[in-house]
Every structure is written in structure tokens, then in C-alpha cells.
Amino acid sequence: MRVTKGAQIVAGTALLALAVAACGGGASDSGGTAAGGGDTTPVRMEIGEPQELLVPQNTTETEGSEVLAALFSPLVGYDENKQPVEEAAESVTTEDSKVWTIKLKSGYTWHDGTAVTAADYARAWNYAALQDNAMSASYFFGRIDGYEDVHPGEGKKPSAKEMKGLKVVDDLTLEVTLAAPFSQFKTMLGYTAFYPLPESAIGPDGKVTQAYGEQPIGQGLFKLDKPYKKGTDATIEASVYDKFPGKKPSNWTKLQFKVYTSAETAYNDLQAENLDVDDSLPPSAIASAKAALGDRYFDEPDASIGYIGVPLKYNPDFQDVQVRRAISLAIDRKTIAETVFSGTRAPADDFINPAIPGYRQGACDACTYNPAEAKKLYDEAGGPKNIEVGYNADGGHKEWIEAVANNLRANLGIEVTPKPFEKFQGILDALDGKEYKGLFRMGWAIDYPAAENYLSPIFGTGAIESGSNYGGYSNKEFDELIKKGDQATDAAEGLKFYQQADDILIKELPYIPVYFYRSNFGHSTKVKNVKLNLLNQIDWADVEKA
Amino acid sequence: MSNPTPPVGPGLPDTQTLVTEPTRAPEREGKKAKTGKPASLWTDAWYDLRRRPMFILSVIIIFVLLVMSFWPSLFTSIDPFNARSCDLSTARQGPSPGHLFGRDNLGCDLYARTIYGARNSIIIGVFTTIVTTLIGSLLGIIAGYKGGAVDAVSSRFTEIFFAIPAILGALLIAATFRGRANSILLVIVALGVLGWPMTYRIMRAAVITAKSQDFVVAARALGAGAGRIMFRHLLPNSLAPVIVVATINLGGFIAAEAALSFLGVGVLSPDISWGLMIADARNRFLEAPLPLVFPAAFLCVTVLAFIMMGDAVRDALDPKLR
């Protein structure tokens, strides 16, 4: 048995080497010494190609984040109740939600052996915030005092290099002063953007070097074996870092990310046991995946929401709340989730997603399907007889928009025209240019797991100018409640205010929530105990080889 | 059908032999002789066509399609434009009594949608053909008759349009103006603007051949003006090859419409078209093949019918091929 197994592995490796060479890459020795035992064969994880070099402050998409999450240990992680718990941080404390003190655990070292200090965090955050560096995650630091100085906006020159709100107290203590109180700041700290950067990452020109982006030195569980050449390499190889002070996997040491360009290919590999973890199951496979993978298939709430947006600012026809209520009541969310999305979405019943603390099941009373009531309300309010529903044609939204259109036609007795736009930005431009006045498809993926993130960036008055409030909804009472929530001294108290703000949205329906996303993933028979955290990243330390 | 050949391909190797054939009715033994008059090219062709099974079959198919597009309610009692006829919870169900083809991805009756889809395909095919034939023939007849500088300029101008790949050019036009005009009209314009150069060339060649014939010289000698010569003498005698090309192109335009709709720039929902139905069904083809198979089959048969008819007409009008 032992011989057969070894031979298979060698043959497999040789094939992989061939495939990689055929792609023009030089990565050939992927775990070539694996013939000996089980634990040095890598656990293989599916990813799509990262968009940028592997720099945490420039990674706001899921694929690069997945790799970086293995290489870095965040300040806070999230427990089963979705509450932040300290990981690389010893404690995160505040008195007034404005000045936050972050104490680091001692014992964390960079993969090159040097100790991690508070200065490494300040360096990374200042680097990310500075406008000249054009880091995509810069907006995460917008609440820190002094952000305006280093990131004054397009066309203006920064007046400082570092944010005055960041203060390194000693080697293990960082003091962060926010521009205004924000009770949910601790929740933000688990994100990729808040990882530290070692001194060696910054080159003589003051920028993160190319070499660092290809082989980032982290302070987390895994260390990259060799540089990753984006566009050429088909795999990213990492091994457990010996000096990592946290929990390590019990019976394996090698991790391999396999870069796929097609979700179908990855799913086929998973079924053929050529892949161990796949978190991008293709929608077409969802229906069969449950049967094919059995208890190795998982389906969990994901923190994103899909809406029908209402152009309140642009079209007086939708000003009457009864019209919006009627539209909401006329949408059969449950059947859409089941039929159009094959169960990969759940019907929405709140403005806050179930993956996040603060969600209340069934909170949105107008999110139930009630065609009779919808028709009555719509006729009474004299809603428009012709409406358009815009959607971006590049994102697979056509089918559910058509389904919503059919619901509205049948239940409200009106003409509904689905209107495709090339890109989502096209809808916004058309609304701004007054060429388009219809409803529009809208979605929201959170920046950090706090209820507040579903409210103020999308519906706050301040977000009309600088955020994502595309409908132009504005409500003083709502803004007040958000402010009270931000200023609360503990997160739980803040949540109460956020929920009251949520109640206002449910009553006024500035957007119409349609579905919550769900994330689906599956794993092979070779691994067990695979879990996704709140950020859809895998907790590798818990994974065991079967 | 996602990649139809451009409706105005450089094919048709026999157009040359076609245009060189003057309008002389070949003397024929048999039935025709009884009338005492020599048969014209047209009566002769008709006599020939009636005996071709391929022609008869295609005419029957086209007749059914025409009825389908004018009175779809003869074929189905379900109105696919009424959203109440759709029931999302029955999406992708297979054929059942009352729903002959089953249901599509949104739970609408597939048979009714396929029947109603014929109208836009036929409208677009017919009108695009009319537009291209009018533009091409008019320019062709003028260029062929006038010759010289007029011919040189218009031929170079036509070559510009010839150089643009028809489906790409149409895609560009349709995508640019999408949403600003009626989507069906837009498809006709997009295909029409780029589809006429082939007709132009054939008409021009036919006119050049015809204008040196004795009857044209005679007409001119009798003092006929340019307009009269062009439209009373040259046009009827150069029409045959143009009609052949138009019939074959019609099928091509229907396929091109489906391609544009498939790419998302042709006919737009809530209008129904086969290309659109194919595009909508594509993502779930493995799960539910029928919503793609039925409109695709109708599309194939329609395009085939027009091309078959075009072939039959060409054979009949071109005795040399017999």
C-alpha cells in the first residue's frame, strides 16, 4: 500500500510540474519530497488569481485576502457569536470610543525572525492612508484623526506623511485617536488592511518593494516558501512558521493555494480529490454539490445583501413610502432565492445581515410576499404605471431582475422594463445625468462586520456626497441615531441605537432588501474540520488531515 | 448559431454566371409552347420551381412561420407578455399537458414564448433585407449605369463598408445606441447599414452587363432618359441575381439578429426573440436543456428554410446550372 501511494504522489507531482512548466512558470518542485509520509503533502486550497501583488494594504478583494490571511495574524479574530476577540493583540481598550489603546502580545515575530512591534502597525497604517501610495484599502483608515491631512482627496497634496492620531507608546503599545468617536472600531481591526508591515517591506524610495509584494514576510501561521510570480505561477506554496506563537495545525505543515481561472475546473478537481478546499463553487453546481459532497458541503450566511435601489433623489414618483412598500410586498423573495439562486441566497428580512450581530429575524414586515396587499397599496398611492429596473449586465443579475420584474408586472398590474447597463457605474452615471430615473439593482458587501456598516455608508446623509448613498435618502432622525451609536462607549450599547436606525429604514424602505448572500464551500475527504470565519477565510489551525 | 457567417459573405461563386445570362427566355418544348408566347425568365423559373421538393418544403415552412408571426394566438392560448402566465416556482419543469415544451428559467411557458419569438425574427429578417436591397440596388444601378467617376467613388465607398466585419460593426452600432431607440428598429438599422454592399456589387455587375445589350442601345436611340433606361429596362433585367441574394441573406440576417440578442445588444426584454431566449437559457443548459434547445431548433429551421428557398430560386433563375 505504501509503495502505491508514494508512486501516485510522485506521478501526480510530475504531472503538476509539467502543467506548470507548460504555463511558462519556473515553479517545479512543489512538495517533491512528499513520498515519505502524509503530513508533508500540502493541503490544497482553491483561489482565483489575486488582483494585485500580495500587499495587505492594497488588497480589498477576496482572493488575495485569502492568501494574506494565512501569512498574517490579525489583531482581532471573530468568535462564534461574531464578536471580535484578540489574536495578535493582547487587549484593545477605550474609555470614550475615541482614544483606543492597542496592546500587542509579545512573542510574535516576523518570518525573518525579528520581533513585531507597535511601530510596524503604525508604519503599515500610515503607508496605507497616504494618498501618494494609492493603496486601495486607504478608506479603512478614514476614521483616524489626521486622515484628512495625509489623504485630502483627488487633486490636493497631502500636508503630512503620517496621521497625527497614531501614536507608538512603546514597543507593544499603540494609541489610536479617532477623529470622532466610533464604538465599533475594534471590529474593524480584523481586516486585511490592518495587518502590520515589517521595516524591510519599504524600499529606499519609500514604497513597498516588488520583492515584498511577491513574497510578503508576515507574522502569521504560514510562511511563503518562494516568491509568487503573478500571472505565471499556478500555485502558491507555504509552510507552517515554526516560531508562530498561536495555535498550529495538529498533523500537517504544508499549504498550497492553487490558482484557478474557472470555478468549474476547481469543482471538478475537488470531486477528483485533486483539491482539498473549494470556496468558489460554481452556481451551476450548487444543486448537485449537496448530493455529490454530502456532509462535506457547507452553506453559511455571508455578510452581503442584494437590494432594489430606489432613486429617491431623482424621481418624485417613488417619494410616497406606500409605493415603495407596495413594490416590496410584491416581490416573492423566497421563490427567487430558491429557484433563481438555487438556494445560494436567502430571502432578506432586515437591513442588517444575519451573519452580523444586530440582525433581527423577520424585522422587515414589508419584506414578506403579499400580492393582494401590494396591489391595494399601490393603487391607493397611485404609483407609476411604467417603471424601469436597471441592472449591470456584467454581474449575473439578469435572471433575478427579470424575476422581480415579472413579480411587479403580475402583482401590481404595471409595465416593467428591465434595463441592462454595461457596468454598475453606468447606472449611477445615468442617474446623475438625469437620463435614467428607474429603480436599480444594488448590492452591499461589508467593509467590517458591524451593523453600522449596513446603515450609514448607504443611507446616511453624509454618504450622499462621499459614500455609497446612491438613492439620495436623507433622514435627520436616522443620522442622529447613527451618531449616538458611534459615540456609545461600548459596542453593545451602540448596537441598540443602530437597531433603532434600522427600524427607520424598515419603515421608510429607501432601498428594498431582496436577498442575503450565502457562502458555499466544500472540501475533500482528505481533510476535516474546515470552517469559514466571518471574513470567509479558513481557520487553518483547526483544519485536520483525515 | 452563435457565430453565423456574415450575411454578406464573399461566397456565391455563381453570381457571375448569373449576371452574364441575359433575359432571353430559352425556348422550351411542352406546356409553354401551347400558349404561343415565348415564356419569360420568370414564368420559366416558376415552372421549374414548382417541381422542386426543396422549394416546396421551404415555402411551407416559411408560410407557417409567417402565420406564426402574424397570428401567434392561433398556435397558443397563453399570452407570454402577461406576467401572470409565469410562475417562478414552476421554473424549469419539463413538458406537461398545457405546457408542451415545459417551462423556462423564470417559470414562463416555453412553447408560447418560442411561438411569439418568431415575430421579431421574421420582422427583423424581412425589413433588414428590404433595407439592404433598396440601398444596394439603388446605388448599384446608378454606379453600373453611369460608370466612370460615379462608379469609382461609390465602389470605393462600398468597399469601406465591405471591410467592416458585419457582425462586429452591427455589435458596435447596437451597443452604442442601446436603450436610446426601439431595440428592434436598432437591430434593423445596425444590420441594414452594414449589409448592403453585396447587393450593390451584384446589381452593379448585372447592370454593366445589361447596359451594352441591344435593347438598351435601342431605347437610348429612341430618346429614353437615364431614369427610364435604368428603371424600365435595366432594373427588370438585372433583378434575378439580386432576388437570389436577398432570399439567402434573409436567413443570414435572422441568424445575425439572434447573435446580437445573444450578446445582449439585440432585442431586449420584455420583447421576445429566439436569440434572447438562447442567451437566457445558456447558463443553466446542463440543468435544463429544453429552454435552449427549442428556440435554437426553431432558429435553425427558419434560417435553413430561407437559405433552401434562396438556393432553389437561384437554380431556377440560372439555367446554366441545370
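This is a predicted model: local features need pLDDT of at least 70, side-chain atom pairs count only at pLDDT 80 or more; totals for chains, interfaces and linings use all residues.
Chain A contains 17 helices and 19 strands. Along the principal axes, its C-alpha atoms occupy a box of roughly 75 × 55 × 40 Å. The radius of gyration of chain A is 25 Å, which agrees with the value near 24 Å that a compact globule of 546 residues would have. Of the 546 residues in chain A, 48% are buried. Among contacts in chain A with a separation of 6 or more, 66% are between residues 24 or more positions apart.

Two domains are assigned in chain A: domain 1 is made up of residues 43-273 + 524-545, and domain 2 covers residues 302-518. The C-alpha centres of these two domains of chain A are 32 Å apart. The contact between them involves 17 residues of domain 1 of chain A and 18 residues of domain 2 of chain A. On the domain 1 side of this contact in chain A, the residues comprise eight nonpolar, seven polar and two charged.

The largest nonpolar core in the model has 165 residues. Within this core, the residues with the most contacts are Ala70(A), Ala128(A), Ala326(A), Val389(A) and Val404(A). The core lies between domain 1 (43-273 + 524-545) and domain 2 (302-518) of chain A, because both domains give residues to it. The surroundings of Ala70(A) can be listed in more detail. When its neighbours within four places in sequence are left aside, Ala70(A) is in contact with Gly220(A), Leu221(A), Phe222(A), Ala238(A), Leu255(A) and Trp540(A). Another core, of 73 residues, lies apart from the largest one. Residues of this other core include Tyr116(B), Ala166(B), Ala190(B) and Leu194(B).

Chain A and chain B are in contact through 17 residues of chain A and 16 residues of chain B. The chain B side of this contact consists of seven nonpolar, six polar and three charged residues.

For chain B, an unreviewed UniProt entry carries the annotation "domain: ABC transmembrane type-1" over residues 118-310. In the model, this stretch of chain B, residues 118-310, is 83% helix and 0% strand. The C-alpha atoms at the ends of residues 118-310 of chain B are 20 Å apart.

Technical notes:
Residues are numbered from 1 along each chain as its sequence is written. Chains are lettered from A and ligands numbered from 1 in the order in which they are written. Domain bounds come from an automatic or database domain assignment. Two residues are in contact if their C-beta atoms, placed from the backbone, lie within 7 Å. Ala, Val, Leu, Ile, Met, Phe, Trp, Tyr, Cys and Pro count as nonpolar, Asp, Glu, Lys and Arg as charged, and the others, Gly among them, as polar. A nonpolar core is a set of buried Ala, Val, Leu, Ile, Met, Phe, Trp, Tyr and Cys residues joined through C-beta atoms within 7 Å. A residue is buried if 20 or more other C-beta atoms lie within 10 Å of its own, exposed if 12 or fewer, and partly exposed in between; C-beta atoms are placed from the backbone. Helices (H or I, at least four residues) and strands (E, at least two) are DSSP runs, numbered from the N terminus. The radius of gyration is taken over C-alpha atoms; the globule rule is 2.2 Å times the number of residues to the power 0.38. UniProt positions are given in the numbering used here, feature names are shortened, and annotations may be inferred rather than shown by experiment.
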